[in-house]
Amino acid sequence: MTVTADVQAGTDVPYPGWADEVRELAQRRNAVLLAHNYQLPAIQDVADHVGDSLALSRIAAEVDAGTIVFCGVHFMAETAKILSPDKTVLIPDARAGCSLADSITVDELRAWKAEHPGAVVVSYVNTTAAVKAETDICCTSSNAVEVVASIAEDREVLFLPDQFLGAHVRRTLNRANMHVWAGECHVHAGINGAELTAQAEAHPDAELFVHPECGCATSALYLAGSGTVPADRVKILSTGGMVDAARASHAKSVLVATEVGMLHQLRRAAPEIDFRAVNERASCTYMKMITPMALLRSVREGTDEVHVDPDLAARGRAAVERMIAVGRPGGGE
Ligand code: 13P
Ligand code: SF4
């Protein structure tokens with residue numbers, strides 16, 4: 001079989017009929033295909049459901065299929081396994097990690113908890129199963145504000161691991177008794193305020209869609225506060241929230257501050273809008289490890305199966321279930 005240059009670059013289907021083959025093999029396995037908004041276009045197009053991390057967690061908790069093939073990164077597949085321990089959960093490449101999830105270990109969390117006895121631990125879903133097992137309630141970027149708002153005001157909160165999302169929540173709720181871990185995602189941290197400002201000045205009529213994990217989230221609000229961009233054109237959104245906002249928008253152009261895979265769903269949702277990445281180099285190597293051929297192998301051979309230690313899963317499940325119970329639907333098909 002000849003693999004095209006496009007596939008080596010990871011942008012297209014490997015050969016005509018690939019999508020039908022994937023779907024047929026998935027059906028034989030009674031498998032549902034879930035894809036995060038940052039996946040390659042070919043993977044998004046073949047999936048049964050595409051969405052943000054909250055939407056995909058909710059779908060994973062509810063689907064009837066015996067097997068979930070999670071086209072995303074490892075913590076997402078682990079979360080699906082925690083929610084559905086009796087199902088087989090596959091990820092097409094188990095090496096697809098996450099720099100944000102790696103920014104706190106369970107030992108670091110235990111030490112932090114010991115410094116703040118009685119504090120409520122809120123962990124972003126981008127964490128390992130071991131960290132979730134030490135967590136009171138998980139959140140995603142879709143519902144982080146609502147999750148922290150649901151905690152009694154007099155309780156201290158330890159929020160981890162993303163410092164930019166944490167700053168966004170603290171700013172929105174004006175909550176002083178919230179401590180934020182200094183972790184970050186290398187992709188979103190690299191989308192900086194200088195780039196956003198330059199792009200906003202070059203496209204003065206554009207709306208700004210900014211993911212709260214971005215290093216430029218504070219700058220976006222500064223641009224709004226200073227009047228450089230009218231406040232109603234600056235939107236801090238999860239990836240699913242961006243798709244909903246695209247459908248509702250009347251803008252001619254939108255600047256998008258997040259991982260570049262997002263552009264595919266945005267262009268599908270609103271083909272008439274000119275969507276531009278604030279940083280075209282903001283591509284997550286881990287998300288892109290889920291190649292079309294890795295997915296084919298996964299549905300053909302049942303690889304890579306995700307296992308979570310049953311004790312850890314049991315300890316993390318309540319925190320994940322609280323997460324999926326809070327907030328908006330979570331933006332997914
Ligand atoms: P969403 O929760 O907005 O999908 O973002 C998750 C994320 O950053 C995964 O890398
Ligand atoms: Fe993790 Fe960042 Fe990649 Fe999302 S974009 S999976 S947070 S490294």
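**Questions about a predicted model**

Modeller: V121 stands opposite L158 in β7. This is a predicted model, by the way.

Biologist: What makes β7 and strand β5 a pair?

Modeller: Pairing takes at least two bridges. Strand β5 (residues 120-124) and β7 share 4 bridges, so they pass that test. The two run in the parallel sense.

Biologist: Which residues of β7 are buried, and on which sides?

Modeller: V157 and F159 are buried on one side, L158 and L160 on the other. The calling of a residue as buried rests on 20 or more other C-beta atoms within 10 Å of its own. With buried residues on either side, both faces of β7 (residues 157-160) are covered. In general, side chains in a regular strand alternate between the two faces of the sheet.

Biologist: Why is D205 called exposed?

Modeller: D205 has 10 C-beta neighbours inside 10 Å, and the limit is 12 or fewer, so it counts as exposed. D205 sits in the loop between α11 (193-202) and β9 (207-210).

Biologist: What does D205 contact, leaving aside neighbours within four places in sequence?

Modeller: K252 and S253. For S253, the C-alpha atoms are separated by 7.3 Å, though the two residues are 48 apart along the chain.

Biologist: How many residues are in the largest nonpolar core, and which have the most contacts inside it?

Modeller: There are 106 residues, and L34, F70 and A257 have the most contacts inside the core. Helix α5 (residues 74-83) gives the largest share, 6 residues. Not counting residues up to four places away, F70 touches L34, M76, A77, A80, V89, L90 and I91.

Biologist: What classes make up the shell around ligand 2?

Modeller: It divides into 8 nonpolar, 3 polar and 1 charged. Among the residues around ligand 2 is E259, and Glu counts as charged, so E259 belongs to that class.

Notes. Residues numbered from 1 in each chain as written. Chains lettered and ligands numbered in written order. Predicted model: local features only at pLDDT ≥ 70, side-chain atom pairs only at ≥ 80, totals over all residues. Core = buried A, V, L, I, M, F, W, Y, C linked by C-beta atoms within 7 Å. Contact = placed C-beta atoms within 7 Å. Near = placed C-beta within 6 Å.
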